[in-house]
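Colleague: I am new to this structure. Could you take me through one part of it closely, please?

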Amino acid sequence: MTDEPLLRVTALSKYYGSRIGCEDISFDLWPGEVLAIVGESGSGKTTLLNCLSTRLLPTSGTASYRMRDGQWRDLYRMSEAERRFLMRTDWGFVHQNPADGLRMTVSAGANVGERLMAVGDRHYGNIRATAVDWLGRVEIDEARIDDEPRAFSGGMRQRLQIARNLVTGPRLVFMDEPTGGLDVSVQARLLDLLRGLVTDLGLAAIVVTHDLAVARLLSQRMMVMKDGHVVEAGLTDRVLDDPRAPYTQLLVSSILQV
Amino acid sequence: MATPLIVSEVSKAFTMHLRGGIRLPVVANVSFSVRAGECAVLGGPSGAGKSSILKMVYGNYGVDQGQIIVDHHGQLVDLATANPRTVLSVRRDTIGYVSQFLRTVPRVSALGVVAEPLVARGTERSEAHARASELLGRLNLPERLWSLPPATFSGGEQQRVNIARGFITDHPVLLLDEPTASLDATNREVVIGLIEEKKLKGVALLGIFHDADVREAVADRIIDVTTFAAGKVAA
């Protein structure tokens, strides 16, 4: 186990004019660790995720990332080209709506292969073999490799998006409501798949969700957000079983029992 | 003799913010220690705070005051104030826990559930599965169930999966929350045997047993939780 974090976030704030997106967020993320950010719509969790993944620039604060060569880099001082390279090699971003993360009019195989080509793989046979392997890992039948994702169900699209993100062996994956909008049975399958992949690959992940069951299943650590602030943070089972902040108690007590 | 777990002047209350901020004291001034090779049993009626104490030791409940000192890789760690990463590391290598109920994960087989703590510590999957099979066999779980996810198992079957999962590792501290509650006499005997083996290996065990026969068979010492009562007792 390494004794250095992968990501260091210090006093990160994002304002939209005078309105708070998120304010004064600090945490460390370690390799292989899954952090869930929970809260309801408008709590600032997606703003935070977008700042961390550099899709949005914060108003103040810093986020440093430990590159593969061990060098620490300030994410907001990198050049656009460096950031883009990081995003398509060492990072993944799984969108709630797979259409935002996939190219809907090229084949499933090409969707996976494209990320490989972006990191310099040029051998068609290798790319296709890797694509087949990854479709298998996300439980998509190899026979569908030449189909466009337009012809896939919602659950299959989401699994394809995950394969596209993981094929380059990223160390950090951002996920925005990865199971939102899916049927419950499809959700369970996807969650189980994600859980297995994250464990097997030793990925670090930051998962934004409003679903506490998703947080419980996927994450070891959790941050609860409200009105742009972190109101409670800690070990996931501690936060859920012994919630201390009034808002966390409200969230936990609002879960419907089945 | 080594003392891998020391609980010192621990207090815990729940503040119910949704109920006008009522404060429910659970326990106060909890102090005891567990030595290597002994099984200490938390005694007292329901609601005395036995489970809460166990959950605080596992880091599942927060601690308001006091210290929970555990010997983790030869270093003393205070679980009451440890950061999440330290607690996870302690859970992986030092403190095991057999909870009352199994939290099932969709699509993971009984064998996979039992082997997981070993795999997480770096044991080869095939070896971990062999150890898991051996334990499930000892606990008389029918072999046809091993490859199935435990979600549909009976209470007793789930509990045996849970016990096997807790006993498979060689954690130096093992917490047991009523591990025999829904077992028949035969399997209770198996669990008593497993606990004896842990003691011989020098594991410090801390448990809750409502079943008087099991308690008498395994307990070296009863810790009376009612002496830690904090006024009104929480539900």
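Modeller: Let us look at the contact between the two chains. Putting chain B and chain A together buries about 2100 Å², and carbon and sulfur atoms give 51% of that area. On the side of chain B, Leu18(B), Arg85(B) and Arg107(B) lose the most area to chain A; together they make up 30% of what that side buries. Keep in mind that this is a predicted model. The contact draws 25 residues from chain B and 28 residues from chain A.

Now the polar side. Seven salt bridges are counted between chain B and chain A. One of the salt bridges joins the side chains of Asp200(A) and Arg125(B), at 3.7 Å from N to O. There are also 12 residue pairs in polar contact between the two chains.

Which elements of chain B take part? By class, the side of chain B that touches chain A has 11 nonpolar, five polar and nine charged residues.

Stay with helix 2 of chain B, which covers residues 84-93 and includes Asp93(B). Is Asp93(B) buried or exposed? Asp93(B) is buried because its relative accessible area is 15%, and buried means under 20%. The side chain of Asp93(B) makes a polar contact with the side chain of His73(B), at 3.0 Å. Leaving aside residues up to four places away in sequence, Asp93(B) touches His72(B), His73(B), Arg121(B), His171(B) and Pro172(B).

Conventions. Residues are numbered from 1 along each chain as its sequence is written. Chains are lettered from A and ligands numbered from 1 in the order in which they are written. This is a predicted model: local features need pLDDT of at least 70, side-chain atom pairs count only at pLDDT 80 or more; totals for chains, interfaces and linings use all residues. Side-chain values use heavy atoms; hydrogens and water are left out. Helices (H or I, at least four residues) and strands (E, at least two) are DSSP runs, numbered from the N terminus. Buried means under 20% relative accessible area, exposed over 50%, partly exposed in between (1.4 Å probe, protein chains only). A polar contact is a pair of N or O atoms within 3.5 Å; within protein, one must be able to donate a hydrogen and the other to accept it, and residues adjacent in sequence count only if both atoms are side-chain atoms. Contact means heavy atoms within 4.5 Å. Buried area is the accessible area (1.4 Å probe) that two parts lose on being put together, summed over both. A salt bridge is a side-chain nitrogen of Lys or Arg within 4 Å of a carboxyl oxygen of Asp or Glu. Ala, Val, Leu, Ile, Met, Phe, Trp, Tyr, Cys and Pro count as nonpolar, Asp, Glu, Lys and Arg as charged, and the others, Gly among them, as polar.
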